[in-house]
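Hi there,

Here is the structure I promised to send over. Have a look at it first, and then read on for what turned up in it.

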Amino acid sequence: MVICKLVNKKYRTLLQLSMLLCFISCTKVETYEDTPTGNFEALWSIIDEKYCFFDYKAEEYGLNWNAVYRKYAHKIDDGMSNAGLFEVLGEMLDELRDGHVNLYAAHDVARYWDFREGYAANFSEEVQAEYLGTDYKIASGLQYTILPDNIGYIYVSSFSNSIGEGNLDECLHALALCRGLIVDVRNNGGGNLSYAETLAARFTNRRVLTGYICHKTGPGHSDFSTPEPVYLESSDRIRWQKPVCVLTNRSSYSATNDFVKIMRILPLVTIVGDRTGGGSGLPFSSELPNGWSVRFSACPSFDVDMQHVEFGIDPDVKIDMADEDRARSVDTIIERARSILANS
């Protein structure tokens, strides 16, 4: 997810950006050999100096990056294959429990998906199709319709799909007579933070503080800038003025997690469903001697109370899809949202 350049103008001055990029690319430059040992040392050091959640994750589950080094260093042998090296390095990165951490090679991508795996899906495309019907409208990254009880329904499958101001004008105009609105971001794995903010800006009539962001200032685990406030500007176009329910599940991740972080503090908004997957660090990339690239969380963001949302955001109304509902093509979470809006 390439989002940093889209948020820099809001979160940092140009000078701060230059300092950050300089630190990430130039600090403590060391030469490592293109051997399994050299690539292991390079990867461990990149994460050690540039990753942004060490202190937080040490508190949450006892992450100790030096202990991780000792655990995996003995598994490295200069005679091992690339496949074997990739497997060990991927396992080492999994210790961070971060979906924004990936290792990219020509043959595979190491990824951490435990933020959603092992949890109830709380979403079914087949069941959702019963609600959308066949004549729903599509406005770029938005799919929308009006449910029989005059509740508007918008599904946002990804923030990688463009969401323009014109798209939102047409969508909200079409739903204007609805008594309430459901914005469904379940299974939205993120994408472009700018699109998430463009959508959120249609639900507030004023400039609102949405959280804080820091950037790395040195190689130490605690070397960060003073937290900088982040604001959402109200849209000067069509804005929604009625109750809203935002539907979430464990696969609501990254930019979607940020969208939920914003929406939950706005008036008339209720978050319904399951805890989001998290993913609050802005990612950057670096390269190993053998050409493999690594992506990692480099800039931590916080909510308005300066609390981490890296491991997700709880809904206002926690509810799972019931198996008996799914069997008869009923979405328990959508139905709860409809009930909330009907009684607003």
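Phe-259 is buried, with a relative accessible area of 0%; buried here means under 20% relative accessible area, exposed means over 50%, and partly exposed is in between, with a 1.4 Å probe and protein chains only. Before going further, please note that this is a predicted model, in which local features need pLDDT of at least 70, side-chain atom pairs count only at pLDDT 80 or more, and totals for chains, interfaces and linings use all residues. Residues are numbered from 1 along each chain as its sequence is written, and side-chain values use heavy atoms, with hydrogens and water left out.

What does α10 pack against? Axes are lines fitted to C-alpha atoms, for helices over the stretch in contact, and angles run from 0 to 180 degrees between N-to-C directions. Leu-193, Ala-196, Glu-197, Leu-199 and Ala-200 in α9 meet Ala-255, Asp-258, Phe-259, Ile-262 and Met-263 in α10, where contact means heavy atoms within 4.5 Å. By class, that makes eight nonpolar, no polar and two charged residues (Ala, Val, Leu, Ile, Met, Phe, Trp, Tyr, Cys and Pro count as nonpolar, Asp, Glu, Lys and Arg as charged, and the others, Gly among them, as polar).

Now to the rings. A search of the whole structure finds 13 aromatic pairs; rings of Phe, Tyr and Trp (its six-membered ring) pair if their centres lie within 6.5 Å, and planes under 30 degrees apart count as stacked, over 60 as edge-to-face and the rest as tilted. Phe-40 and Tyr-69 form a tilted pair, 5.4 Å centre to centre with 45° between the planes. This pair links distant parts of the chain, with Phe-40 in helix α3 (residues 36-50) and Tyr-69 in helix α5 (residues 65-73), 29 residues apart. Phe-40 counts as buried at 2% relative accessibility, whereas Tyr-69 is partly exposed at 24%.

Phe-259 has a ring partner too: Phe-159 and Phe-259 are tilted, 5.6 Å centre to centre with 50° between the planes. Phe-159 sits in the loop between β5 (151-155) and α8 (165-174), 100 residues apart from Phe-259, and is buried at 0% relative accessibility.

Back to α3 and α5: their axes come within 11 Å and cross at roughly 170°. That makes α3 roughly antiparallel to α5, and the crossing is right-handed. Phe-40, Glu-41, Trp-44, Ile-47 and Asp-48 in α3 meet Trp-65, Asn-66, Tyr-69, Tyr-72 and Ala-73 in α5. These residues divide into seven nonpolar, one polar and two charged.

Best wishes

Notes
Helix = DSSP H or I, 4+ residues; strand = E, 2+ residues; numbered from the N terminus. Parallel < 35°, antiparallel > 145°, perpendicular 65-115°, else oblique. Left-handed = near helix turned anticlockwise from the far one by under 90°.
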